[in-house]
Amino acid sequence: ALPILNEHPRKTYWANIYVGLQEGYVGPTHEISELFEYCGAFCRKANTTVSVTPTVFMYAKGGEPGAIVGLIHAHNAACREEEIRRNAIELGKALLGEFNQTTVSVVFPDETIVFENRQGWKPRQPPHSPTSSPPVP
């Protein structure tokens, strides 16, 4: 067994962003690689770390592929609760627009924030790949 060299206890705080890959309920579906690229660019700009876990959202009338984007205390930085919240909210808002979603949920241990874009939502023609830069929190 490898010896533990350093131990860094921290107060636990996290955020999960739930985002679909299909635009709305009837639009085209993005590839998970597009989400990987977008989140990677966000991490470089915000100097943070996220995990991207593919998932499937099941509904009464069907389902769609999506992902859970997780933010935690990173191994390379003592990220504070406020930074995790700010980064998660900024990234959640950005994913709503970039992936043309009707809703994106940002879940914290103590609350959930749902961003909605239902009014006047339309699928993009042709399907749009995210090309803009992610926001800097």
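**Entry 1: a strand pair.** I started with strand 1 and strand 3 (residues 62-71), which pair in the antiparallel sense over six bridges. Helices (H or I, at least four residues) and strands (E, at least two) are DSSP runs here, numbered from the N terminus. Two strands pair if DSSP finds at least two bridges between them. I looked up partners in strand 3: A67 is the bridge partner of V19, and L71 stands opposite A15.

**Entry 2: ground rules.** Before going on, I noted that this is a predicted model, with local features needing pLDDT of at least 70 and side-chain atom pairs counting only at pLDDT 80 or more, while totals for chains, interfaces and linings use all residues. Residues are numbered from 1 along each chain as its sequence is written, and side-chain values use heavy atoms, with hydrogens and water left out.

**Entry 3: the overall layout.** I counted two helices and five strands in the protein. Read from the N terminus, the elements go β-α-β-β-α-β-β. In what order do the five strands of the open sheet sit? I get 2-3-1-4-5, with antiparallel pairing. Strand 2 (50-59) and strand 5 (112-116) are the edge strands, each pairing on one side only. Neighbouring strands of this sheet are turned by 20° against each other on average, direction ignored. For angles, I'm using axes as lines fitted to C-alpha atoms, for helices over the stretch in contact, and values run from 0 to 180 degrees between N-to-C directions.

Entry 4: I picked N16, which sits in strand 1 (residues 15-20), and found V107 as its bridge partner in strand 4. Skipping residues up to four places away in sequence, N16 touches I68, V69, G70, S105, V106 and V107. Contact means heavy atoms within 4.5 Å. I also checked N16 against F108: they are 92 residues apart along the chain, and their C-alpha atoms are separated by 6.7 Å. For the whole protein, residues 24 or more positions apart account for 62% of the contacts with a separation of 6 or more.

**Entry 5: strands 4 and 5.** Strand 4 and strand 5 pair in the antiparallel sense over five bridges. A hairpin through four residues joins the two. V104 stands opposite F115 in strand 5.

**Entry 6: the helices.** Helix 1 (residues 32-46) lies across strand 1, strand 2 and strand 3, and runs at about 140° to strand 2. Next I looked at how helix 1 meets helix 2. Their axes come within 12 Å and cross at roughly 145°. On the helix 1 side I listed L35, Y38, C39, F42 and A46, which meet N87, L91, A94, L95 and E98 in helix 2. The residues of this contact divide into eight nonpolar, one polar and one charged.

**Entry 7: the core.** Which residues touch the most other members of the largest nonpolar core? Out of 27 residues, I found I17, L35, V69, L91 and L95. Strand 1, helix 1, strand 3, helix 2 (81-98) and strand 4 (103-107) each supply at least two residues, and helix 2 gives the most, with seven. A nonpolar core is a set of buried Ala, Val, Leu, Ile, Met, Phe, Trp, Tyr and Cys residues joined through side-chain atoms within 4.5 Å. Buried means under 20% relative accessible area, exposed over 50%, and partly exposed in between (1.4 Å probe, protein chains only). By that rule, 40% of the 137 residues count as buried.

**Entry 8: two buried residues.** Beyond four places in sequence, C39 touches V50, V52, V69 and L91. R85 lies in helix 2 and counts as buried because its relative accessibility is 18%.

Notes:
Nonpolar A, V, L, I, M, F, W, Y, C, P; charged D, E, K, R; others polar.
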